[in-house]
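Please look over the sequence and the 3D structure shown here, and then read the points below, which go from the whole chain to particular places in it.

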Amino acid sequence: MAEGSGGSGGSGRGPPCPGAASAFRRWEQLRRRAATPWARGLLAVVAGLGLLYAVLRVPVRLRDGLAAVTVFLSTLTPKFYFALTVTSSFISGLIFVFEWWHFRKYGTSFIEQVSVSHLRPLIGGAENSPPAPAAFSAGENETSRQNMPECKVWRNPLNLFRGAEYSRYMWVTGKEPLTYYDMNLSAQDHQTFFTCDTDALRPSDTVMQKAWRERNPQARIKAAYQALELNNDCATAYVLLAEEEATTIVDAEKYFKQALKAGEIIYRKSQNCHSQSPQHEAQLRRDTNVLVYVKRRLAMCARKLGRIREAVKMMRDLMKEFPLLSMLNIHENLLEALLELQAYADVQAVLAKYDDISLPKSAAICYTAALLKARAVSERFSPETASKRGLSTAEINAVEAIHRAVEFNPHVPKYLLEMKSLVLPPEHILKRGDSEAVAYAFFHLQHWKRIEGALNLLHCTWEGTFHEVSVYPQKELPFFIHFTAGLCSFSAMLALLTHQFPELMVVFAKAVLRVLWPVSAPSVLASS
């Protein structure tokens with residue numbers, strides 16, 4: 001063993017055995033001989049002869065095989081055809097029932113799902129639809145928003161303050177206003193918005209990184225105070241205290257003003273050195289997120305405290321300073337504040353920028369557009385008069401706008417018409433879902449009530465056109481359900497015809513054979 005390892009030249013392995021070495025030498029000699037020109041020419045001649053043999057021999061075998069198949073099929077009795085068609089109809093019927101059940105339960109075709117998930121990767125295709133993130137950062141642009149699916153969970157742009165509003169409900173009723181799922185999503189948002197890779201370099205940010213992951217509110221507040229002891233200019237600590245410790249909007253506004261002062265200092269520092277490294281660029285994104293969040297919440301504080309014009313100015317300045325942040329839906333805060341001011345011309349200007357007929361963005365956009373159209377005709381609108389003389393152009397526009405809004409989110413009318421009780425809106429909403437309807441009606445019901453006749457027009461249009469159950473967005477049946485249904489029906493029809501007219505179906509089968517095998521079928525069928 002010592003000798004073998006010592007002669008390995010430091011590789012740690014002994015020399016190969018003599019038999020393996022001789023076999024390796026023979027292989028090397030054969031490979032060198034095969035690389036010569038005359039050897040390559042010989043291989044080409046052999047390959048050509050083999051190809052010629054295949055070209056001459058395969059058609060003969062194929063013709064013999066077709067003749068054998070034709071003889072076999074021509075000797076089949078009508079009973080066999082009947083059994084074949086019945087079995088085919090039965091199997092395709094089972095596939096059709098399973099496909100229908102899978103579509104009704106999961107909303108997708110099983111065959112299509114299997115082909116996309118398992119067969120396409122084997123063929124070489126791939127899905128190019130990236131997963132949608134749960135939260136948005138200031139580094140994203142409008143293109144990323146357009147690629148987002150609408151039927152997903154979004155952060156509520158008008159979400160309430162936990163300490164000053166949600167906690168007050170819990171003190172009065174003893175019930176939790178938010179679900180664990182909602183609070184968990186908010187924790188993920190906070191970690192996305194308010195943390196970055198360079199937090200480990202600053203003790204206060206390290207403490208806040210742990211604070212955002214804490215489940216206990218008191219532990220989070222305690223961690224925020226610890227961060228402020230380490231750094232009195234920790235903006236995220238003031239944000240946490242404003243959201244969770246402040247019991248009134250006034251107190252929350254004080255904390256947010258301190259956060260704004262600290263956030264602006266940090267933001268200016270990050271701007272000066274963001275190009276030095278990717279870590280500095282990530283820190284700038286985080287500091288931008290903090291600054292935008294603080295300014296937005298300060299505007300919401302001003303709105304709740306009755307300083308609406310100040311709130312509108314702050315929102316406009318924020319949208320002008322960060323024009324690529326439309327995915328944060330700051331314009332929805334602006335729309336609500338403008339409606340409170342009854343500045344309907346300004347509301348229309350905002351809608352003209354953010355409303356897209358081909359792709360509605362939210363219930364706030366669609367229902368606000370419907371409200372403005374209804375405002376022009378609702379005061380003089382009467383169902384009886386409209387049924388006698390017909391609808392005017394303005395009334396048709398209002399009705400179509402309401403149709404479009406209800407199609408986007410059919411849950412909203414019951415809350416606006418107070419057919420369902422309102423609850424506190426969640427921190428996250430599902431676009432086109434009931435949670436979005438609650439959030440919209442909670443803040444916008446007063447604006448509909450302020451316009452005389454608007455709710456009456458909504459009620460007449462919604463009651464006359466839409467029913468209790470909405471089918472929007474309606475899913476189309478997958479292709480394979482249509483295909484299996486057609487195959488089952490066609491096979492059942494063939495089975496019935498074979499049972500009723502056996503001799504005629506045999507003639508039909510032979511005619512099909514003549515079409516499929518025109519060379520060998522005539523002679524075989526004639527002999528049969």
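Helices, with at least four residues, and strands, with at least two, are DSSP runs that are numbered from the N terminus. In this predicted model, the protein has 25 helices and two strands.

**The protein as a whole**
- Of the 528 residues of the protein, 41% count as buried, a word that stands for a relative accessible area under 20%.
- The accessible surface of the protein comes to about 30600 Å², and carbon and sulfur atoms account for 61% of that surface.
- When contacts between residues at least 6 apart in sequence are considered, 67% of them join residues that are at least 24 apart.

- Helix α9, which covers residues 203-211, packs with helix α11, which covers residues 235-245, at an angle of about 35° and with the two axes 9 Å apart.
- On the α9 side the contact is made by D205, M208 and A211, while α11 brings T236, A237 and L240 to the contact.
- The residues of this contact between α9 and α11 divide into four nonpolar, one polar and one charged.

**A nonpolar patch on the surface**
- F490, M493, L497, F501 and L504 form a nonpolar patch on the surface, and together they have about 480 Å² of accessible area.
- Helix α23, which covers residues 479-500, supplies the largest share of the nonpolar patch, namely three residues.
- M493 lies in helix α23, and M493 counts as partly exposed because its relative accessible area is 43%, a value between the limits of 20% and 50%.

Methods
Residues numbered from 1 in each chain as written. Predicted model: local features only at pLDDT ≥ 70, side-chain atom pairs only at ≥ 80, totals over all residues. Heavy atoms only, no water. Patch = residues over 30% accessible without salt bridge, like charges linked within 9 Å, V, L, I, M, F, W, Y side chains within 5 Å. Areas by Shrake-Rupley, 256 points an atom, 1.4 Å probe, with all protein chains shown as cover. Salt bridge = Lys/Arg side-chain N within 4 Å of Asp/Glu carboxyl O. Buried < 20%, exposed > 50% of the residue type's maximum accessible area, 1.4 Å probe, protein only. Axes fitted to C-alpha atoms, helices over the stretch in contact; angles between N-to-C directions. Contact = heavy atoms within 4.5 Å. Nonpolar A, V, L, I, M, F, W, Y, C, P; charged D, E, K, R; others polar.
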